[in-house]
Structure formats: structure tokens, C-alpha cells
Amino acid sequence: MPVSLLWAVDVRGRVYRLSTGGQQWEQCHDTKLEFKRVTAATQCCWGIACDHNIYLNVHASDLSIRYQEETYENQRWNPVDGFSERLLPSDRWQWSDVAGLVHQPLDSFDLPSSGWEWEADWYADENFEAEPTEKGGWTYAMDFPATYTKDKKWNSCVRRRRWLRYRRYKARDSWAKIPSAQSALPDPVSDISCGGWEISEEPRGRLSLWAVSLQGKVWYREGIQHHNPEGSSWTEVPVPGEVVQISCGPGELVWAVLWEGQLVVREGIGRDCPSGGSWIGGHWVVGGGYGVWDTGWGVWFRRGVNSHNPCGTGWIGMVGEMIMVNVGLNDQVWALGSAERGLYQRQGVTASELSGKAWRALSAPRDSERSHSSASTSSLHSAGCFFTGEVRGQSAASDADSDIERERAASGGSPVPATSDLLSDRPGAGGPSAAGLPAQEEDGQPGPPPPPTTTTSSCAPAPGLSSSQSRGPLWSNVDLEETQSQPDPVVEGAPGWAGPDRADTCSLSSVVTYSLALEEEPYGEDGPPMWAWVSGGGCHVLSFPWTALVQSVQSMSLSISPGQTAAWHQQILEQLGQRSKREMENFKHYEQAVEQSVWVKKGTMQWWRDWKPHKWVDVRFALEQFSGPDGNKDGILFLYYNFNEEKKYLHAFVNEVTIFVPVLNDAKHTFAIYTAERTKQRWPIRLAASTELEMHDWLALLSVSCCDSRGIQGPPSKQAIWSVTCRGDIFVSEPSPALEALPYPTPCEQMFWRQVGGHLRLVEGNSVGVVWGIGYDHTAWVHTGGYGGGIFQGLASSTDNIHTQTDVKSVYIYENQRWNPVSGYTNRGLPTDRYMWSDASGLHECTKTHTTTPSPHWTWVSDWAVDYGVSEGTDREGWQYAADFPASYHGYKTLKDFVRRRRWARKCKLTTTGPWQEVPPIALSDVSILPCAAQSSVEVVPLWAISNKGDVLCRLGVTTLTPAGSSWLHVGTDQAFKSVSIGGASQVWAIARDGSVFFRGSVSTCNPAGECWYHIPSPPKQKLKQVSVGRTSICAVDENGNLWYRKDVTPSYPQGSSWEHISDNVRKVSVGPLDQVWIIADKVQGSHGLSCGTVCHRLGVQPLDPKGQSWDYGIGGGWDHVSIRGNSMDPPRICLPSLTDQSVPARGVPHPAQDPEGANGSAGGC
Amino acid sequence: MADDKDVLRDVWFGRIPTCFALYQDEVTEKEAEPFYLLLPRVSYLTLVTDKVKKHFLKAVKPEDVEEMWFEYEGTPLKWHYPIGVLFDLHALNTALPWSITVHFKNFPERDLLHCLSNSVIEAHFMSCIKEADALKHKSQVINDMQKKDHKQLWMGLQNDKFDQFWAMNRKLMEYPTEEGGFRYIPFRIYQTMSDRPFIQKLFRPASPEGHTHTLGDLLKEMYPAAIAHDGDAKKYQVLIQGIEPLLETPLQWLSEHLSHPDNFLHVCILPVPTD
């Protein structure tokens, strides 16, 4: 979980933030400003200072915020001067925008605010449509406006070129004033709220910021996004009355409170119109979320709120006296208590129960008072502990609290959270409602709450509920006497809900409260902070921290990892060794008291029959394990089936199996068993278990048995080859020394693959054992050096370096429509048409309600939403048009289009475990590690990556001891990138999203980010998509599946001369430290019914023939990724095949001296 | 760095070379050859001595055969203690192999429990596991297991199947992470000097203040004499699984890794040999 921040303002106007990974409130020291309110998002925090100006604090990040300014220089040819700035009177300006309509000379560009600085001066862009242009970057045309080409022709009369300049946002981690002249706000601001980040992912980092002025007007800040964090201008939004307060959820919901006490909800907010269309509501109170009334201090929750029904259905009163509440990320609720102004977090808020369970005080020392309080907190407060509250116990918010707590504990002994105590003791709010409020709940009518009598001081929305299932969430009372008025379970669909099952929730809650109070550790004697405002909009805290953060807790528990290096641990290992020696060494000839015998596990499965017609048939399945004479374990697999009434069986020796692999299959829990022979035939034994659990049990058992029989245990070696299937399962293979031998390498199909826990999209390693992975949700992970996890538990897994891993991916379905002359596009298709709700192929019906997650391990985390990110483009409603199904679709409607479709996406999340640790906070789409060996454990390993937004990054501080590195260095580019690779001699190659290929010059140990990009021409008429650089070889794959080799790369001319075609049918390439070439082949003959993607090895690759001769087919299909970059094991060098020599490894530092292209420098360390 | 799994493996595969000899007075028709065997430390004498019985029955008159029992230097060996405990307690500092005398007559009713079939051992073993889990998890884990899971534990021990046993036993070794350990540590402290069979009390893996309890803390509470004070000569050996862990070893770790299959941590306290 990446570290995120909770923001708060105390009554003196000082702003503090609390990191989820930190231990104390840190004051934002860099300003003398005092603040009234703050509103936070993940990446920044807005605040109103006491001068009534708005300030912005953008968090520092390794990723710089750059904005590209561009302008075009236009020239026309005349016979006298040639091309010159003398243009015709009818022409555009000499300096203009791309369309030629706006005059923009270079000096007309100013920095928008003092928060910006220029990165460098203007320069001409020499990249044109993914190809380098001739010097100067000019592109030619016959006349303006026209299509331009990079070559000058006889009829080229005009030319133009693009000038670029970058400005960088420098005001980070400090308060930058939003200039008042620019903001043009006529009167001081009294309230702000930011949100709306879930409305659309494009443009990146967009936010909605709403402000209320003292005169009661509402303003919307335009143009806030990643590249423009301050936004561009204020737009006034008309309101039906004078607004005092506004609040904005992460989605489409915006509420405002009028002076008269009415609440209004903004309507029509969407992707195309983030500021919305009109206000609804009026006479009596509608809309909601949380409201706080300053007379009674009551807290009310508006239930039934979602994007379809932004008004919600009814109010639920809750016990609690809060002066303000704020809803942050993951629907978590933060509040300030009315009396002592302590900070509370709502406990147990989940997607299905937004009401949570109880208030929990959150107290952390402030940095200024840390020294006084450390004595009482040091033992308990460590990383993340404030957010693992149940585990670590609650620190009372104030002395008053803990006093009450102690009294209660003394008198009754009944452990009750301090908050409840405090609240229930207060007259007026809490006590009476124990009886009163449940009655109100049970009427279930969307009735108005008690109208606010004076002013409403705060309102924060319940976030736009994305899940339609949680349509009727409700808050109910905080329990008073621990169990009397528990939150009732939610009944879907709202009115008329009731509270069955009360006993269950009660007991659940009492467990929670019990453990809370049990570990109560009253917090020091210092005066507690008095908070004035809190904002959790940037704070990622899960609703069940005590289960979600198990790993961080586990590492703190008594016994696990820290002991491994302790003296007592060493001593136990030593003594056990001595014991074995003493008691067993001289007595090995004695008979064993217990003879080892055969152990059989049996089960029933379905088997994909070997002969036609292929179908699933029921079979009995058994694994017989036995110990060999030398103590090695071995086993045989039996598969008993009936053929023509006759009982038959199929068997496989466990030590001949090369992989057990789960197969992507919607309908069944399927896995495949390969042997070398079956890999060759492309025909694995395919089995289906009745439940996923059963499949996992078998897979774990079979894999362990297979590893035992091969004597493989412990973590993968540094040389290991990693691969990932299209299901996201991770496999690792230990290369045999002869894998790259010439002329007879170990055949690919003999490689044994074992599974490692976790779920990733790609894994990249290098030969010193630094291994990184990227999840489907683009999270970066680093290998901890462990093994197991996931389905492998207990003995098949290491213990101290397995962590929880999550991944999120989208499930897509398509809505299809056909046009008819009467009603236009409708969901009435022709009888021959595909299902109106289908998968991409149209062959299978997929409706919103019946589409399930890929497996029970995945859970939905969002509602269905239209996906606009389809590669061909869509219209404003997400539709793509075509003449007929199935066809190629386009994002705009033409006369010939009779059908249309749009894609719906729903996100689901997997939680598993594996030897992976997250590398926050930047999400990645590609990563590459220098494949060559570092000389020592402290030597820095160069690692390059592409962020999921296309930024090129260089990781600093990566060594074998600290494989996660320390920080990112942002390497400036003119466009978004998609692939990067670093090879021998620090050659870095990268590919931009438009297919341009770049070589990074002057990369070295001292200058890890290099100097500048050299644009390399692509292969003719091809767009490259992925590149891999080995020791000296550079290979790239284009979008049509062709594999290209870069010719004539030499140390003095590392750019090489041209691309040479090696092969087609290639999806991905991995070039290793020996210049070995491995690929994922797209389609391989014979792999019937298996998904595409086969691991292949290029044979015959040698220094004089780096392109190799032919492909050797390995494991597949269904593979997505392979990384060969760990295997730097030199093959035994033999010219003639001789069995006796095979076992003699090559000696020493290994490079064939005759290598004509041997790069210098660090390549020597390959 | 070795994995802690290797510790489990070493503990499980600990063997004691043993020489069984028939009690002199019981030898009848022909001289019985001594019988040599590697006994698993974690198992029970009567569970692993079928071969011994078979061997000596040939030498004894059938009418003299009663229940087989074992004795070491005059002490009847309690089969219901794990073999490793018996060895550490009685014979640790003697030369190997361990010489055990086999009897078929005069069963010492006062000292030993009868063991007429393996089901008696199974019952004893399972009751120990249940008792241990009552201490560790208020019996929640063992009660959640099915009958076949219990059987798997027992079969694992009986057939010396490490993987089979630990596949199930690891569940008994889990604990809620937020609690940081078991509720109480199941332990038994044996002494040669006392008539008391063993010490067994409630003891938590950590103090109320959250300090990890160590082996030293346990001894301080249960058997203070076992801890040598600064300057004093060491008077006692504290043995678990035949080794002497340092006193600062965390008790929770010991319980997870050095317990016998019955889930108890068996601690033997012996006077330091004088020679």
C-alpha cells in the first residue's frame, strides 16, 4: 500500500499531515500562513488561508510535472531567398499554433504563475510522425493548410516546423498561492472542496475544485489536471440561493448548503461536463451525505445516494457530536468531535456497509511534541499502526476520554470504546436516541431530518456509490452500551428495509470493541491537539485495516523474521547440526524404525479427452508418492478412465512432468500437465477440478511433489528464467548449463517450470537476482528473494518474505445495437445478430448481471461503466460504429454504419500472497534491468522503467541488497513512451507510443539518466512496440508481429545502421546477457484450443550469427511474457558434441575473445 | 541463511541410535542377539518397536510373554513420553548407542501405563494435541478440523511422514497476527531429581506490557534454580530436543519450531554432569 496522507488543521490554523506510513503529525513548516480549511486529493491539497486566498500544496514526487508549450514556425519559398519568413499577406503568421489561426511568437509565452519555471530554452522538434526528419525539423507542403511530409519535393512551396519548450512545476511540497488576479474571484473564499477524480481518467490527474465565496456564490476551477495542477481559471456557477458550504465527492456528486438551510445537489455532472448542468432540490431538504448541525451537533447519513439518484432516499440519524465530517478515499469517514475537537475515524466502513460501526479516536503525536510523548508511545507506535487500530489499540483522544474510560473499566469492567462513552454521557444527543432513533430508522421513509435551525456548518457527501448493490446503505446509531443499537444490516433497494439478524452484527461489533479496549494504551500527558478541520481525500486507508495490513503487522509480531539473524537462532541451527552429527553420523547403517511407504492421494476430476470428439469426461485421479532408495521422493500420476466400457488408465511420472499450470477458462477450474513429450505435441493433459480450492490443493501438492522429485527447493536462483501466463500466474525455471550451448542446447521443452505466488503482468530480472514485476493494475513489485505464497503454503513457501499482493483488472463486455429506420439504434438486432450483450467476439452472451469475476478469488470493486479507452476511439457516449457485425469499428458515425457497440468495463480485485513487495507510488507499464552482473553487492544496478502515463524513469539506488532502489529520476521526453530496455555497456533503447525508436546517449554509471535521445528510424512502414537489449544485440518487435535485429551496432556507433528482419509471428522478445534471443511466439501450430503465446528459443545464435537460425518451441500456449535476462550462465564451450565434456562448465569471466562486436566498458562484466 | 523449515525438518528427522537387549533373566532357550535401531526422537517407544518385539519373541518362551516394556539402567521407560525426552532425561551424557533393556515379564504397574495397541498411543497423542490447542487457541483450531485431519496428524507421526504431518500441523501453529502469539505456550518441564512427573502451568508468550517472553523468563518463573547466576558455575543443563537453546530465545518461536508432534514444548532439566 503506498504511503498516503491525512490532512488536518488545528484551531490555531496550523496545517498538519499524517502519513499512513508515519508515526506522527508533521506540521507543514514551510509557511507562516495560517489556514482555515483544507481539502485533499491523492496528489495535492488545497487550502483556504486566513487571508482568504486559496493555496495549493502539490506533493513532491519523483515524477516531475512538465507542461509542453508548442508553437509552429511557418515559411514560404520564394525564388530570391528560398525559404524565408516572408509570407504572403493571405498566409498565416510566421509563428502560429498548429492550425495557423492564433499568432503565437516565442516571446508570447509566459509562465502562468510563480509556481512554474522553464526547463530549457525553445528548440525545434525533429520528430515527425514517428520518424526523424532532416536537420531542422522542417516539414514541407504545397501550401497552408495541407498535409505535410518530411521530404522536400519540387512543389513544396511552404514549410513549417514545431518548436517546443517545457515548463516545470517547481512549487511542490509548499503552499503556492493561486494568483488572485488570475483567479478573478471578486470576494473572499469561505469554503472549498475538491473531488471528482473518479469522473474520468482523462486527462490524467484531473480534479474538480469547487469554491464558495463569502457572498454565497459558487465557483468552479477549470482545467485542473496533472500538467496544470493549479488549473486555469474560475467559472461562476449560478446557484438558486446563497451558498454557505459545498462538498464534492470523488464521483459525480456535488452538494451545496444554502443559507436558508436547504441542500441542493448538482445535476448533470459527467465526463464531458465536470461542472454539471443544473441544481435540483429546493423546497425541502434533499441531497445529503453527512450533515452536521451546529445546534444539536448530530450527524446524519443520507442513504440511497448514488450517481443515478444523487438525492438519496432518506436520512439516518447517528449518535455522535461532531463539528465536521469528511469523507475520504475508500468511503472512509473522518470527523472532529465537538467538545474536545479530537479526530475520529469511522470504524468498519466498507462498500457494503457505508455506515460503519463506531467512531474510533485517532491520535498521533505531533512532531513538535514527539519528544515528550515518546516514552508512552514508542513501543507501540510504529509504521502504519494508526491505521491498524484494532491490532494496536486505540490511543484515547484526550485525557478526558481516557479518564472516562478508566472509570468505566473500573466500575463495570465492560470495555467500550472511548468515543461511545464520551458520546453517551453527553446529554441531549446520544442518550435518548438509543430509544428514539431506531424507531425513526424503522419507518424507512425518506422523511426530512430535523431542519437545521441556524446554520449548517458542514456537509460532506457520501461518495458516489459505485456499486449498485449497496444502494440502500444507511448509518445508524453508534452503539451506546456496546450492543444495544448496532448498525442494522443493509437491505438492498432501500425503502422498507428492516434490521434482521441483529444478533450477528452485535456480536461482531462486540468483538471489535473488545479488542479495541483490551489493548488500550492511553496516550501521554500532553495536551491533545485541537483540530479545526480534517480532510481524508488523499488518504488511502482500507476499511478493514486489521486484515489488509496483516503483513506489516506480522513483521512486528514476536517471532518471525528478526530472529533469523539473532544469536539464539544461529545457536539453535548450530546445535541441531551438532546433534545430527553426534547422534546419527556413525550410525547410518542402523535400521530405521519406521519404514517409508507409499502415500497416495486420490480424487475425481474431469479430463479433456485425448481423442475425438474432444469433451470433458469424468476420471479418477491419483498421485502415488514414494521414497526412492536414496531418500529422494518420487511419484506417479494416474488417470483412470473408461473407454468403450473398458477401464483404462493414463500415467505420468512426476519427475518427467515439466509444469503444472492453471489454464484460463471461464467455465471450469482447469489446469494442464505437460511433459517434454506433450510440450512437443502441444497436447497437455487437461484436467478440471470441481472447485477452485480443490484445484489449488492439487496444484500445490503436485508442484511440491514435482520439485521434490527433482530436488528443487528454496528460492529461485539469480540465473532463473521467469515467465508469466495470460492468467497472470508466475513461473520460474532454473536454466541448465547447456541451455545456450552450441551446437546442441538443452531443448526448450525439457525446461521445468515451477510456480511462484503472486499475480503479475510481466516480470523482468537480471543475472544478479534483481527481479521486478508489474501487475495488471500497473503496480510495481520487487521480488523479495522468497518463494511460494499464493496457493503454496506452509512448507512449500518461505515464511518471512511473503507479502499480501493485490491486483486489479477490468472485465469487459460489449453492448451491441442495430439501426432500424423507425427507432434508430436499438437493442433489437436481427435474428442472425450476435447477442445484444456479448463478449468481444459476440459469440457468448455476457450481461451485466450474469457476468462473473474471473474466479472466486476476484471480487468486484466497481460498478459497470462505459469504457471510453478503446483503441479505435469512441463517440461521446462510448459508441463505436461499423457497417455490420463483426467488422472493424470506428469512433464516429457515418451513413454506412448500421450497427454500433460500446464497451463496458468493471474492475475486479484479487488478493493473494507472494514473494513480492510493492514499490510505490508510481504505476509502471514497462521495466528493464541491466542484465549484466554487478561486481559487488553495493554496486548500483541500472534499472529503467516507463510509467503507465508514458514517462521514462530511471531508478536510483538499486543494488542486490536493496533491489527496490530508493527513488525515481524522471527522464524528460517529448512524448509518452511504451517500452524501454537497457543492455550491455548501458545502452538504453526506448520506444514511444507513436512507434518512434530512441537511443539514449551517454548513459553511464556516473550519469545514470544519460544525456539526450537519438531518434532512430523505424523499420520501413512498421511501428515498433517493444525492444530488448542484450549484451550487444538489440531486438525489437513491431505491431505486426515482426522481429527485427539492429545491425552494425558497435561501441563507437551504438545506434547501429539498420533493422534486419528475423522472424514474424512474434509477440514479445527478451534478449539476455549472452545475447540469447527468446520470444513469445504468437501462434504455434498444433496448440489447439490453447490460448496464443508460446515460449520459444532462437537456435544458432552466436557472435558471428547473432540472428540465429531457427526456433525451438517451449512451453505454451497461453504465455504472455518471458524474461531470459537472468541467465548469464555461459554454456560449456564445445565444438564437437561429446558427452564427457558436457559437464565441464566454462571458466572464468566469460566472453568469447573473438566476439567482433564486443562492447567495451561494463559489457565486460556481463 | 537457513530457513526455519529446516529447523522443523531437523527436529522431525532426529534419530537416536539404540541397542535393544533382552533382560538377562528372561533369556531362555537361546541367546538373543542385541537389536540395533534408529529411533525417531519425536515418536513413542511402543510405536516404533514392532521390529524389536518380533526379534526377541523368537528367543522367549511363548508362555513367558506378557506385555513388552523397556528399561534403562533400572528405570522403566515411560512410553507416553516422546523418545527424545526419555533419552535426554536419562541417557543424554552417556555413550551411544543407547542401551535399552527389553522385558516381557514383571510389568511395573506402578511406573508405566499399559499399551496394548497403537490405538492407546493414538488416544494419548491426540489428547496431548487437544490439550495443547486448548492452551494455544482455546481449542478452536483442533475443533475446526475434521476427523480425517486428526487422522492425518496421527498417520503422519505413525508413518514418519513429515510433509503429511506438517501439512496439517501448521494450522495448529498459526495464530492471529494481531495477538502476536499463542494464548498460552504448551510446555512441560521434566527433572530427573524430582518425583513430580513434570511442571506444567499457564504461561503466555509475552508479558502484559508486550515484552516477548524468552526461555529464560519461563525458567525464572518455573524453575529458577536452572538459571546460572553471573559468576556461578552452571548447575543445570536445559535441553529441548537434545539441544541447549540460549536463554534469550523467544518462547513463541521455540513453541512453533521445537515442539514435539504433540504440540508441547518438552524441556528437560538435568544437573550438569560432574565429571
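Gln241(B) is buried, with a relative accessible area of 2% (buried means under 20% relative accessible area, exposed over 50%, partly exposed in between, using a 1.4 Å probe and protein chains only). Its phi is positive, about 55°, although Gln241(B) is not a glycine. Keep in mind that this is a predicted model, where local features need pLDDT of at least 70, side-chain atom pairs count only at pLDDT 80 or more, and totals for chains, interfaces and linings use all residues. Residues are numbered from 1 along each chain as its sequence is written, chains are lettered from A and ligands numbered from 1 in the order in which they are written, and side-chain values use heavy atoms, with hydrogens and water left out.

- As background, most residues other than glycine have a negative phi, and most peptide bonds are trans.
- Gln241(B) sits in the loop between β7 (236–240) and α9 (251–257) of chain B; helices (H or I, at least four residues) and strands (E, at least two) are DSSP runs, numbered from the N terminus.
- Over in chain A, Asn1065(A) has a positive phi too, near 65°, and is a residue other than glycine.
- Asn1065(A) belongs to the loop between β67 (1059–1063) and β68 (1066–1071) of chain A, and at 27% relative accessibility it counts as partly exposed.
- Going from Gly1116(A) to Gly1117(A), the peptide bond is cis, with omega near 0°; Gly1117(A) is in the loop between β71 (1110–1116) and β72 (1119–1123) of chain A.
- Chain B has a cis peptide bond from Leu96(B) to Pro97(B), with omega near -5°, and Pro97(B) is in the loop between α3 (83–91) and β5 (98–103).

**Where a helix of A meets a helix of B**

- The axes of α10 (residues 567–584) of chain A and α1 (residues 4–12) of chain B come within 11 Å and cross at roughly 35° (axes are lines fitted to C-alpha atoms, for helices over the stretch in contact, and angles run from 0 to 180 degrees between N-to-C directions).
- On the α10(A) side, His569(A), Leu573(A), Leu576(A) and Arg579(A) meet Asp4(B), Val7(B), Asp10(B) and Val11(B) of α1(B), with contact meaning heavy atoms within 4.5 Å.

**Cysteines**

- Over all chains there are zero disulfides, a disulfide being a pair of cysteine sulfur atoms within 2.5 Å.
- For Cys726(A), which is in no disulfide, the nearest cysteine sulfur is that of Cys1092(A), 9.1 Å away.
- Cys19(B) is buried, at a relative accessible area of 9%.
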